[in-house]
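Please have a look at it on the screen before I go on.

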Amino acid sequence: MAARPYWKGQIRLALVSIPVEVYSATKSGATIAFNQIHEPSGKRIKYEKVVPGIGPVDVDEIVKGFEYAKGEYVLLDETEIEGVKLESRKTLELTQFVDAQDIDMIYFEKPYYVVPADDLAEEAFIVLREALRRSRKIGLGQLAMRGREYVVSIKACGRGLVMETLRYADEVHKAASYFRDIADSDPDEELLDLATTLIDKKTGKFDASEFHDRYVDALKELIERKKKGKTLNIEGDDGEKETRGNNVIDLMAALKNSLGAGDKGSGAKKTAAKQAAKSTGKTAAKKPASKSTAAKSPARSTARKRA
């Protein structure tokens with residue numbers, strides 16, 4: 001069965017209108033839903049809507065209310081709420097274009113695939129797609145769907161376009177309130193060199209199929225074993241222990257071990273050379289004076305000991 005479009009309409013760029021269809025680009029992943037069961041009877045627990053001092057009430061007696069003060073409500077019925085909803089417009093007008101990196105990734109909410117509605121719309125669709133790709137821009141506009149207005153972006157994606165709904169500014173927490181206690185300082189160059197080498201070593205192409213929800217898999221296995229009357233031995237921490245060290249030497253050792261012996265990049269070699277130079281300097285500084293010098297200059301020897 002072919003997927004049904006989430007929205008049908010047209011993208012308008014100045015005087016050019018392009019009929020399109022919009023499809024959801026994502027789907028819900030595998031989840032495990034649980035019900036609450038009364039163990040002695042084995043029956044499912046249900047919930048009743050009750051009013052304190054009155055008891056269970058009929059569904060027809062329930063209305064929606066907004067609490068504007070403690071214990072004070074404005075009551076609204078469904079007809080009034082429906083009257084405020086925006087009608088779904090059939091036109092997405094691109095009113096602004098920005099560089100892709102100008103929009104923080106935290107504002108992107110949900111992606112949709114955009115395709116031409118018919119063969120007649122394909123030529124204009126391709127022109128818009130390639131213009132966005134060549135200019136490396138993202139188109140912005142506002143679109144009313146299902147009673148709500150969204151800010152959306154349009155960008156080239158393969159042979160088609162991707163539309164993404166964006167969060168409004170008041171829906172995003174300011175990062176500064178969370179990051180302000182983090183020190184604004186430069187890291188140690190040797191540590192940074194090792195960390196960069198480790199990142200380079202582990203760099204590769206992204207493949208979403210390589211990742212899967214291990215928690216859901218474990219739950220499914222547990223359920224199957226329980227169905228067969230078996231139990232599953234689950235280890236608490238999988239043998240891993242949390243280690244937190246403030247010592248720079250520990251961090252240096254951890255980065256070196258991560259890189260692996262005999263497989264270090266140029267950054268690691270530079271770090272090893274710097275450490276060797278420092279070690280040589282420290283050894284020379286700690287070398288004791290000869291006996292003849294100590295015998296000829298007792299005052300100097302005493303001063304060195306005190307130092």
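In this predicted model, residues 24 or more positions apart account for 62% of the contacts in the chain with a separation of 6 or more. The secondary structure comes to nine helices and 14 strands, and of the 307 residues in the chain, 18% are buried. The accessible surface is about 25,200 Å², with 53% of that belonging to carbon and sulfur atoms.

Let me turn to the core. The largest nonpolar core has 20 residues, and those touching the most other members are Ile11, Leu92, Val114, Ile154, Leu161 and Met163. Among the elements that give two or more residues to this core are strand 1 (7-13), strand 11 (108-116), helix 2 (119-135) and strand 13 (148-157), and helix 2 gives the most, with four residues. If we take Val114 and leave aside residues up to four places away in sequence, its contacts include Ile11, Val20, Phe125, Ile154, Leu161 and Met163.

What about the aromatic residues? A search of the whole structure finds one aromatic pair, and because the ring centres of Tyr6 and Tyr112 are 5.0 Å apart with their planes at 35 degrees, that pair is tilted. Tyr6 lies in the segment before strand 1 and Tyr112 in strand 11, so the pair ties together parts that are 106 residues apart in sequence. Tyr6 is partly exposed, at a relative accessible area of 23%, whereas Tyr112, at 4%, counts as buried.

Finally, Lys155 lies over the face of Phe108, at 5.7 Å from the ring centre.

Methods
Residues numbered from 1 in each chain as written. Predicted model: local features only at pLDDT ≥ 70, side-chain atom pairs only at ≥ 80, totals over all residues. Heavy atoms only, no water. Core = buried A, V, L, I, M, F, W, Y, C linked by side-chain atoms within 4.5 Å. Buried < 20%, exposed > 50% of the residue type's maximum accessible area, 1.4 Å probe, protein only. Contact = heavy atoms within 4.5 Å. Areas by Shrake-Rupley, 256 points an atom, 1.4 Å probe, with all protein chains shown as cover. Phe/Tyr/Trp six-rings, centres within 6.5 Å; stacked < 30°, edge-to-face > 60°. Lys NZ or Arg CZ within 6 Å of the ring centre and 35° of its normal.
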